[in-house]
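This note is intended for a colleague who is meeting the model for the first time. The points below may be read alongside the sequence and the structure.

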There are 2 protein chains.
Amino acid sequence: MKMIQVKRALISVFHKEGIVEFATQLAEWGIEILSTGGTYEELTKNGINCVPIDEYTGQPEIFGGRVKTLHPLIHGGILSKRDDEAKQLSIKEIDLVVVNLYPFEEIVNKGIKEIDQLIEMIDIGGPTMLRAAAKNYQFCCPVIDPQDYSLILQECEQGGIQKQTRLRLALKVFAETGFYDSLIQSVLTNFSHATDEWETLPKKKSIPLVKSQELRYGENPHQNAGFYGFPDFPDKMLSRFYLDGKLHGKELSYNNIMDTHGTIKILTDLPDQAVVVIKHSVPCGAAIRSSVYESFQAAHQGDPVSIFGGIVGLKGIVDKQTAEELSKIFLEIIIAESFTEEALEILTKKKNIRLLQYHDWKNQLFSEAKQEFKKVVGGFLVQDKDHINPVSEKLEVVTQIKPDSKQLSDLRFAQTMVKHVKSNGIVIVKDQMLLGVGTGQTNRVTAAKIALDWAGDTATGAVLGSDAFFPMDDTVRLAAERGIRAIIQPGGSKRDNDSIAACNELNVTMVMTGIRHFYH
Amino acid sequence: MKMIQVKRALISVFHKEGIVEFATQLAEWGIEILSTGGTYEELTKNGINCVPIDEYTGQPEIFGGRVKTLHPLIHGGILSKRDDEAKQLSIKEIDLVVVNLYPFEEIVNKGIKEIDQLIEMIDIGGPTMLRAAAKNYQFCCPVIDPQDYSLILQECEQGGIQKQTRLRLALKVFAETGFYDSLIQSVLTNFSHATDEWETLPKKKSIPLVKSQELRYGENPHQNAGFYGFPDFPDKMLSRFYLDGKLHGKELSYNNIMDTHGTIKILTDLPDQAVVVIKHSVPCGAAIRSSVYESFQAAHQGDPVSIFGGIVGLKGIVDKQTAEELSKIFLEIIIAESFTEEALEILTKKKNIRLLQYHDWKNQLFSEAKQEFKKVVGGFLVQDKDHINPVSEKLEVVTQIKPDSKQLSDLRFAQTMVKHVKSNGIVIVKDQMLLGVGTGQTNRVTAAKIALDWAGDTATGAVLGSDAFFPMDDTVRLAAERGIRAIIQPGGSKRDNDSIAACNELNVTMVMTGIRHFYH
């Protein structure tokens with residue numbers, strides 16, 4: 001049917017905005033209105049004539065309203081094919097279904113954590129009526145969104161509701177009910193401490209996303225963008241971190257959020273008091289010392305050039321002394337567990353810096369969802385995160401010379417940093433300080449050359465970490481030539497022995513971990 | 001309730017597998033079985049005593065089965081709180097709801113494209129019964145998956161269905177109904193040629209994903225992984241490209257799919273007959289010639305080292321001559337529009353190579369969904385793809401020397417390639433051939449140095465492309481020193497004039513595009 005003329009409407013809404021004006025107009029046109037509980041009260045209170053559902057069906061509401069609209073007279077009226085059978089059955093047709101759902105999401109956001117209370121908020125009748133009307137959009141029109149009331153009135157006035165409108169509003173219904181049930185499933189799975197489903201790679205799954213920020217633009221000014229939260233409600237929503245964790249400065253941009261993510265990812269693997277500097281998602285400075293002040297000084301020293309306009313992540317509290325150092329450099333974002341009042345006073349003088357405090361999200365941040373998703377042509381790659389912290393990897397010394405304890409801890413730090421560098425990646429480390437990075441290269445020896453060039457003279461006596469094995473001995477030879485004394489790498493090449501032999505020849509020690517850390 | 005004992009079960013299934021055995025056991029225990037249409041026939045045919053729904057409710061099925069279970073006796077029975085009210089109403093309680101849904105997905109996969117036929121396949125009664133039983137999991141148990149029949153029998157035998165089982169099966173229901181409606185919405189949106197919703201950054205949305213491949217592992221062997229298709233059904237499903245497009249070789253790995261995606265992304269912006277070589281998602285060779293044979297030869301020449309173990313993407317047909325050249329090198333994957341029979345004969349002799357043919361997906365591949373998603377801590381960044389093809393960018397010459405026509409086309413090619421290099425990115429191009437790449441660097445001049453080192457002597461007389469502006473004139477000076485004669489960059493730095501002055505001083509021509517191409 002091209003247009004439908006509404007003779008009978010069913011109205012049952014949780015959100016009452018605009019409903020009185022809308023129903024008043026429908027009633028004025030002589031449209032019969034069926035209604036339930038709270039909506040019925042609201043409409044009659046405002047002088048609108050309507051028929052209560054229980055009177056219409058002859059079936060009183062039962063179980064505190066759990067069953068009121070699940071009745072053949074209602075669903076026959078909605079799903080009727082308007083054919084001879086309908087005439088014979090003399091079921092009165094319902095042409096407009098105005099329903100919105102129990103606000104499951106709002107209740108969750110209020111912090112209710114009792115699964116049985118949450119379950120009560122799951123709407124059964126509402127989705128059924130909407131889905132039925134959407135299925136029968138040929139003859140019936142569902143309205144789930146109060147913003148569509150004026151359009152419906154306008155079309156009714158102009159002769160009837162258009163087919164294209166009915167289809168569009170039907171799609172809106174399935175978008176909402178799909179989201180609603182996906183959300184229920186995610187939230188209840190979290191609350192019931194059931195297993196994370198992604199771990200078992202389910203056959204199908206839908207991911208409910210809620211927009212929490214519209215961004216000025218994406219990676220570049222010609223790309224629109226938004227940030228969508230992933231429901232993980234038990235405590236503070238993690239998606240609020242980028243908004244509520246911000247103590248100072250303009251809203252985070254797309255690239256800011258991406259870099260913040262990258263910074264948090266690296267901090268996850270680093271010990272307390274460590275500091276990392278990020279630029280274009282690549283670490284350009286990092287150090288582990290006994291205070292964030294010292295760690296920052298060392299991280300900065302490792303790359304005094306790239307830090308300009310960078311992001312600094314500190315795994316600890318920014319105090320006055322650290323704030324004074326940080327304030328001397330142009331930085332985009334400072335991310336820390338927290339800031340002292342004195343530190344805030346110093347740093348908030350800088351208008352263009354963003355300060356992010358993760359204290360309230362700490363446990364969630366460092367133990368977030370175990371899977372990651374990568375959009376590719378045609379779908380999503382879903383995988384476990386690379387959850388192995390190199391600190392816990394078993395090291396096997398494969399050379400005649402053994403690393404000393406100082407080298408051992410530098411080798412572990414190197415492996416931690418190279419895990420977070422794009423592949424092929426090589427890093428140079430000395431005294432728990434990042435000195436050079438070769439990232440995203442198409443061959444390994446070039447990555448090593450870039451890292452060693454970056455480190456320059458400081459490479460002398462330093463250690464080198466590689467995210468994957470050496471296909472031949474050229475990287476070892478280059479490293480030794482530049483003064484590298486110890487190497488860490490997963491091993492696993494057919495030619496591991498060539499690299500080991502080169503180490504032995506050149507008095508370099510090498511350890512193997514067995515764990516590759518590709519990251520693209 | 002810790003355990004529930006089943007006295008009455010409702011069974012209405014589309015997929016009949018295992019249902020007879022299951023119902024037989026229930027009937028033997030004296031459980032009353034209510035059933036509908038096809039399921040009723042199947043069960044009675046097998047000698048199982050059951051009550052037809054219409055007899056039970058006193059309401060005959062109407063509108064071809066559209067309304068049969070939407071009745072207060074059914075939903076009162078499912079949603080009953082088993083309290084005094086229930087006793088007074090004398091509604092008979094239904095303790096087990098065994099339902100699976102009309103197979104919307106299967107119908108779509110069969111290629112039905114008529115929206116009204118698809119709409120008929122949307123189940124209304126089924127989801128309602130399942131959702132009601134899931135909501136009332138305290139007293140009732142939903143069973144949507146035939147694989148759970150044996151568990152239910154086992155628990156019934158041991159005294160009753162456990163609460164934890166009921167909750168788990170309830171969560172399974174919401175997972176399925178959430179997926180079902182999200183899928184309906186996606187599919188019908190595609191078919192009805194409605195606007196792509198992501199373009200308007202909707203307030204909420206759920207993404208239905210279907211596993212199409214379980215992968216051996218993810219980026220690294222210690223990460224589990226799978227590939228999930230994004231529903232885009234109108235023609236061939238794009239997610240099938242990685243499976244059905246493969247003509248030869250082992251199944252694609254996680255990293256293979258990722259690199260294939262990267263290759264397709266670059267081919268999208270390149271003209272027919274162009275060739276690109278990818279390694280670790282980074283282009284290490286590329287060229288535009290009048291045949292894929294010549295393009296491949298030139299792309300190979302640009303980086304004869306990194307191509308080892310790489311992925312070659314050809315925008316055209318691989319013929320015998322090209323296949324012979326390709327077969328000389330160890331390659332992971334060859335991606336082409338198609339392969340001639342002679343080419344296939346040559347290449348399929350290599351056991352370890354994968355051959356991917358995109359011919360059947362061509363239109364979809366090069367005009368896929370306009371948005372991309374990046375998972376970060378707490379949610380997803382959603383943005384428009386960087387859809388601007390540098391070929392169509394407006395070039396503004398800002399130097400005294402103007403580029404000649406050969407330089408102009410090299411500059412455009414450089415801008416196309418640098419768009420697909422990780423930021424900060426710099427590329428070197430000459431004669432429509434990629435000669436050097438600096439990728440993912442934390443400062444621009446280092447990216448330039450890496451690209452120029454890569455190009456070596458071939459940089460003399462070449463052009464340089466940059467994905468973002470030059471913060472100072474150091475890149476121009478370095479480039480000129482190495483023989484670069486023309487530069488393309490977006491411009492927009494406060495110090496653009498310094499770079500322009502350096503170009504004029506050093507007889508280099510420079511054009512600005514106004515379009516930044518960050519990519520991380």
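**Notes on the predicted model**

1. The contact between the chains draws on 110 residues of chain B and 110 residues of chain A, two residues being in contact if their C-beta atoms, placed from the backbone, lie within 7 Å. On the side of chain B that touches chain A, the largest share, 14 residues, is supplied by helix 10 (residues 163-191) of chain B. Sorted by class, that side of chain B holds 51 nonpolar, 37 polar and 22 charged residues. Here Ala, Val, Leu, Ile, Met, Phe, Trp, Tyr, Cys and Pro are counted as nonpolar, Asp, Glu, Lys and Arg as charged, and the others, Gly among them, as polar.

2. The model is predicted: local features need pLDDT of at least 70, side-chain atom pairs count only at pLDDT 80 or more, and totals for chains, interfaces and linings use all residues. Residues are numbered from 1 along each chain as its sequence is written, while chains are lettered from A and ligands numbered from 1 in the order in which they are written.

3. How are the two chains related?

4. Strands pair if DSSP finds at least two bridges between them; helices (H or I, at least four residues) and strands (E, at least two) are DSSP runs, numbered from the N terminus.

5. Chain B contains an open sheet of five strands with parallel pairing, in the order 4-3-2-5-6. Its edges are strand 4 (51-52) and strand 6 (141-143) of chain B, each of which pairs on one side only. Two bridges link strand 3 (residues 32-35) of chain B to strand 4 of chain B in the parallel sense, with Leu34(B) opposite Val51(B). Helix 8 (residues 125-135) of chain B packs on this sheet and touches strand 2 (8-12), strand 5 (96-99) and strand 6 of chain B. The direction of helix 8 of chain B makes about 145 degrees with that of strand 5 of chain B.

6. Helix 8 of chain B also packs with helix 4 (residues 72-79) of chain B, at an angle of about 25 degrees and with the axes 8 Å apart. This makes the two helices of chain B roughly parallel, a term for angles under 35 degrees. Axes are lines fitted to C-alpha atoms, for helices over the stretch in contact, and angles run from 0 to 180 degrees between N-to-C directions. Helix 4 of chain B contributes His75(B), Ile78(B) and Leu79(B) to the contact, and helix 8 of chain B contributes Met129(B), Ala132(B) and Ala133(B). By class, this contact has five nonpolar, one polar and no charged residues.

7. Ser423(A) and Asn424(A) are joined by a cis peptide bond with omega of about -15 degrees, and Asn424(A) sits in the loop between helix 17 (405-419) and strand 19 (426-430) of chain A. Ser281(A), although not a glycine, has a positive phi of about 65 degrees; its loop lies between strand 11 (275-279) and strand 12 (282-287) of chain A.

Conventions. Parallel < 35°, antiparallel > 145°, perpendicular 65-115°, else oblique.
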